[in-house]
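Have the coordinates open while you read.

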Amino acid sequence: MSRPATPARPKPGEFSLRTVSLSSLTWYLTVSCGLGLIVLAGYHVMTSAGLDLTAALIMDAVLLVALELLPLVQGRGHDPQGVVMSTAFTCAVLFLWGIWPAVLMIAVASIAADLNVGKSWWKVAFNPAQYALSVAAGYLVMRMAGHPSSLAHPLRHFGVSDLGWAFGVWMAYFIVNLALVAAAVSYTSSFMRVITDDYWHYTSMTFAVLALSPLIVIVSLHAWALTPLLLIPLLLLYHTAQMSLEREHAAAHDALTGLANRDMLQFTLGEALEAFHHDGRSFGLLLIDLDDFKLVNDTLGHQVGDMVLVHFAERLRGCIRPGDQVCRLGGDEFAVVVAAADEQDVRAVAERVSASFGDPFELEGVLLEIEPSIGIAVCPLHGVDGDTLLRHADVAMYQAKEAHTGIESYRRERDGNSADRLSLIGELRQALEDDAIELHYQPKLTTVDASVLGVEALVRWNHPQRGYIPPDSFIPLAERSGIMHLLTERVVNLALEQISTWRAEGMHVPIAVNISPADLLGRRLSGIVTAGLRRHEIPASMLQLEITERMVDHHLSETSQALSELRELGVTVSLDDFGTGYSSLMRLHELPVDEIKIDRAFISSMGSGSAAEGIVQALVDLAHALGLPAIAEGVETPEEWQRLRAFRCDGVQGWHVAVPMPGPDATIWLRRRHPDGRTAPSSHSMRSTKAGLVGNGPGAGRSALSAVGRPD
Ligand code: C2E
Ligand code: CA
Ligand code: CA
């Protein structure tokens, strides 16, 4: 009735006859007893003296083999039990002629069917043996009920009163068959799971098929030539089962790529976890997301986007091993459940996936380079339940994306979503509402005469319990949890308020605020800036936006466009952390920025004659070649300042000049430096001057009037 089908799902364990397990023991016992029965059956049939009802017997045998050759109807397409239509005939032959012809016929049919579809040898041996034992169990019930049919003494009559023992035969056959198969395939998951999985579908189908056996008996007895007519209900049953399975398949798979879907992933994870709890088999989960897929969709259209996904799915299928399961979770997110011993193993699969994307996709004549970001979570190392593993793989994937490393395993210490961090997000939200977020201001000076170019606003959060929390710790959280725009709005408004306060006191100091990539890619920033400038009645040129160079690497066209729009408002843009990204010179040339800030990593590693020194010099020259002023950040010593001056770097910022200060302290500091309240030309006007224009910002045209000498 049922037999182990080729499992199409992940097998955390492979079937092995060399290890002692429920599967291997069941296999040895079944095959030795079953094959013995089959040999005996052959002997009895060959040596049977008188055959009765020969024509009917041959007809039933032919139909049995024909039905056995039909493809198996499998529960859900992934469970190891399949409903076999020939069982109706096996059972009828058992009723009519007893155990030996039934065993022999089903054995021959099963071997033929299994060889036909190329099953592995251990299944080809196991299936006829377990059928033989199931038939024998049914026959025992017949004997106990007093109906020991045989070739010489076939059943002569079947009536309503025979339904009782017939049902007993079915039950015996069904139970032995199910138990043997479940025990044999318990290497894929637990014994109970195989039994309970899809139980009702399997049981009802099996009994529907078995219930036809009395009809076959009656027709064989009274009009054997009509037996083929009984194929009609059997084939209808087969068809119905196939259709319902196709429907189930559709519900568990993604229509575009044909991969398993999210529901199926849950199911697969459930099975893998069961296997883990059962005998400690570990496995891995990969979450894969295509970098910049949105860009493909937006620029080349959804049709091309769909084609990319289909090609991607194909490549993904090519990277995995037979036991692994690939799913599409929706959009450009994919998952793979990997049967693996440890993290190393899982990573090897991830690396294979990543390497397979080395070649670009060619779609409609366009070469597309698409790279995946892959997050890894391993059971039990990173979790022992589905939700945790999924969440942790997601966190790892996000880190791979952020760090542009391609592949990352989950690391607890870097988890932005651990319970602690989650509560921090709530507290940050609260801090924003309670105005507990402050800005500190760090001056930027001209290198030559130390006059003030402006200040950079740096956000500060003094947590009532946790103390000072550095922006590097909570900004990534704000970005991930979608509240970055709230923080940016707050920062921009605080900066504008400060400009306005200073203006009221006669000080014209431009402020630079840091803008996160999330702000620039979102749609809210220009609205926030416009509204703020209008509310505080401040000229746009007093505000500068610092954006990190790393942003440009991955979102050049979006960044360019967003920056152009912002500059149209009149604000200036500074390219922060310059030298840490990989923006090509061509791209840089196209980028609408007004100033370049050389990353402090280069400044801190400057020592006379060092490579970093050459790089700083080159970066300054590069900025000038682009017509932009260069500002060095993180200047901590007078020597650094000297050297930067020698390189003709335009501006400096760092602890040597001043540490970031709260508003009132910054006011005192600025006033001391520029008693008349006037600062050096802003970088905005610096660029204009280079272009031969007269600057028109409030700082434009005003040089530092009474710049005090540079700090000692
Ligand atoms: P950044 O834009 O590169 O800011 C400069 C960082 O260098 C600041 O750290 C500043 O305190 C520190 N610094 C200043 N002078 C020196 C020095 O001489 N030596 C060294 N070693 N460090 C110096 P902070 O305030 O911790 O900010 C870190 C990063 O957080 C910033 O890097 C910026 O990317 C981000 N950030 C800060 N405030 C905001 C904000 O309001 N919005 C956004 N989106 N990001 C912000
Ligand atoms: Ca900055
Ligand atoms: Ca920086």
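The points below go through the ligand site, the metals and a few backbone details.

1. Ground rules. This is a predicted model, with local features needing pLDDT of at least 70, side-chain atom pairs counting only at pLDDT 80 or more, and totals for chains, interfaces and linings using all residues. Residues are numbered from 1 along each chain as its sequence is written, chains are lettered from A and ligands numbered from 1 in the order written, and side-chain values use heavy atoms, with hydrogens and water left out.

2. Who sits around ligand 1? There are 23 residues around it, and Gln442, Arg460, Asp576, Glu636 and Trp655 come nearest. "Near" here means that a heavy atom of the residue lies within 4 Å of the molecule or strand. By class, the shell has 10 nonpolar, 5 polar and 8 charged residues. For that tally, Ala, Val, Leu, Ile, Met, Phe, Trp, Tyr, Cys and Pro are nonpolar, Asp, Glu, Lys and Arg are charged, and the others, Gly among them, are polar.

3. Polar contacts to ligand 1. A polar side-chain atom of Arg460 is 2.8 Å from an oxygen atom of the ligand, and an N or O atom in the side chain of Asp576 is 2.9 Å from a ligand oxygen. Asp577 also has a polar side-chain atom 3.4 Å from an oxygen of ligand 1. The cut-off for a polar contact is a pair of N or O atoms within 3.5 Å; within protein, one must be able to donate a hydrogen and the other to accept it, and residues adjacent in sequence count only if both atoms are side-chain atoms. On its own, ligand 1 has 790 Å² of accessible area, and the protein covers 85% of that (Shrake-Rupley, 1.4 Å probe; for residues, only the protein chains shown count as cover).

4. Where the shell comes from. Two or more residues each are supplied by β11 (452-463), α17 (471-480), α18 (484-504), β13 (511-515) and β15 (572-578). The largest share, 4 residues, is from β11. Elements are DSSP runs numbered from the N terminus: helices are H or I with at least four residues, strands are E with at least two.

5. Calcium, ligand 2. Which residues hold this ion? Glu456 (OE), Asn514 (OD1), Glu546 (OE) and Asp576 (OD) coordinate it at 2.1 to 2.3 Å, with the sequence spacing E-x57-N-x31-E-x29-D. Glu456 is in strand β11 and Glu546 in strand β14 (residues 543-548), so this pair ties together parts 90 residues apart in sequence. Both glutamates, Glu456 and Glu546, are buried (buried is under 20% relative accessible area, exposed over 50%, partly exposed in between, with a 1.4 Å probe and protein chains only). Donors are N, O and S atoms within 2.8 Å of the metal, or 3.2 Å for Na, K and Ca; water is not among the atoms, so sites may look incomplete.

6. Asp577 lies in strand β15 and Glu633 in the loop between β17 (630-632) and α26 (638-646), so the pair ties together parts 56 residues apart in sequence. Asp577 is buried at 14% relative accessible area, and Glu633 is buried at 6%. The two calcium ions, ligands 2 and 3, are 4.1 Å apart, and Asp576 coordinates both.

7. The Cys379 to Pro380 peptide bond is cis, with omega near 10 degrees, and Pro380 lies in the loop between β8 (372-379) and α15 (386-403).
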